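Here is a quick tour of a two-chain model, written for someone who likes to know what packs against what. Have a look at the structure first.

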Amino acid sequence: MTRFVTGKRLRTMAVLTGIAIVSCADPVLSDAVEGQGNETSGVEKGEFHRAGQPCGTCHQEGGPAADFPFTVAGTVFAQPMRQVGVEAAEIRMTDADGTKYTAKTNCVGNFFVTPAEWQPKYPILVEVAKNNVRRSMRSAIGRDASCAGCHTPDLEPADPFSQVPHIYLFSGDEPGSPEGAADCKVDPKRVGSP
Amino acid sequence: MKLEVSSHFRLVLAVGVLSALSISSSLTACSGPEKGELERKVSTRAAPGSFRTAGVTTVFERRCGSLDCHGGIGRNMRIYSSRGLRLPNEAGLRPGVGETTLDEITANYQSILTLEPELVNAVIDGADPYTLLILKKPLELEKHKGGGAIRKGDDAERCIVSWLKEDLLTPIDTVACTNAATFPKE
């Protein structure tokens, strides 16, 4: 009476299960992840990778980096027309409940906040500061964990009516280190930047 | 001769009757219905004038219109503002530049009122404003991806509700609108 599952049947079941899993995936998220392109050559996955890109695309529930999610993350560059990361800039944030959190950028300008560190209630107000320079965002962040969701990494936004340029702190070169931090493990200048 | 007069008279009579019929039908077409037949209502609720002058648009712009929320081109109830999404223009107005234009305010008004046109009509007729998504969503009376953009009892709620209920006896709460428009606090 006992019926054994043959190898052929097992394979069929595995294929069907695979199809079911794939068909349940979020196609919008999949497209967004794919749209981020490959890793930059010479920069491993980690805190220095993909400067200027929307971190929350992967670092969210359901994303390929779901095991390391962010509540807020982004990149601060030094100049408006040149994408060199600013090290040790403070990202001062205040959420709708009035709770505050300050994150700090690494040597490529990346910063990220994990849920264990801070789970803000949107909207969030933000200002970026280093030394005596301070720049406040005029509008609040409504819900997007990625700064680059609105602040496009392209030097010239493709749609100037719905996108804003990358985040920058200084109007000219960063005082003291126009090429970025000298002791950074990777080049603090974003690939493709002038 | 007698026959000629008679046919001329008939011709004049026919022309006269036709003219009279034509004038009569024209008058009927242009005149309004009998008094009492149609009840005309002029409402001051959810008026476009107050939307602009009292700053209701600014409340929606600040609370809902950031680029990552209803200022996103993929989102419904699209909101334009000086600090968020801009209507395509040749004046160099980009996000963060200049003021919200009259065209953008008009677009916001249309966006908000056409989200649920039948329900908005009902509210203008006196139904409960809290049946509308523009209140249920930000107050989180209904699931809202953007969370609670408005808190129960705060200035933004008072402003929007007073705009939706505005009439001669209950004017719009301009103080609440002014306060709610200062967001985020600067």
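## Chain A: fold and overall shape

Keep in mind that this is a predicted model. Chain A is built from two helices and six strands.

How does the radius of gyration of chain A sit against that of a compact globule? For 194 residues such a globule would come in near 16 Å, while chain A has 20 Å. Along the principal axes, the C-alpha trace of chain A spans about 80 × 40 × 35 Å. Of the 194 residues in chain A, 38% are buried. As for contacts in chain A between residues at least 6 apart in sequence, 61% link residues at least 24 apart.

In soluble globular proteins, nonpolar side chains tend to be buried together. Here the largest nonpolar core has 32 residues, and the members touching the most others are B:V56, B:V59, B:C159, B:I160, B:W163, B:C177 and B:A180. Which elements of chain B give two or more residues to this core? They are α3 (56-64), α5 (117-124), α6 (133-136), α7 (155-164) and α8 (174-181). The top contributor is α7(B), with five residues.

There is also a second, separate core, this one of 30 residues, and it includes A:F111, A:Y122, A:I124 and A:L125.

## A closer look at α3 of chain B

Why is α3(B) described as largely enclosed by the rest of the structure? Because nine of its nine residues are buried. That takes in B:V56, B:T57, B:T58, B:V59, B:F60, B:E61, B:R62, B:R63 and B:C64, so "buried" here means that 20 or more other C-beta atoms lie within 10 Å of a residue's own.

The buried residues of α3(B) pack against α2 (48-53), α4 (102-113), α7 and α8 of chain B. Zoom in on B:V56 and, setting aside neighbours within four places in sequence, you find B:S50, B:F51, B:C159, B:I160, B:W163 and B:C177 in contact with B:V56.

## Where the chains meet

How many residues does each chain bring to the contact? Chain B supplies 17 residues and chain A supplies 17 residues.

Notes. Residues are numbered from 1 along each chain as its sequence is written. Chains are lettered from A and ligands numbered from 1 in the order in which they are written. This is a predicted model: local features need pLDDT of at least 70, side-chain atom pairs count only at pLDDT 80 or more; totals for chains, interfaces and linings use all residues. Two residues are in contact if their C-beta atoms, placed from the backbone, lie within 7 Å. Helices (H or I, at least four residues) and strands (E, at least two) are DSSP runs, numbered from the N terminus. The radius of gyration is taken over C-alpha atoms; the globule rule is 2.2 Å times the number of residues to the power 0.38. A residue is buried if 20 or more other C-beta atoms lie within 10 Å of its own, exposed if 12 or fewer, and partly exposed in between; C-beta atoms are placed from the backbone. A nonpolar core is a set of buried Ala, Val, Leu, Ile, Met, Phe, Trp, Tyr and Cys residues joined through C-beta atoms within 7 Å.
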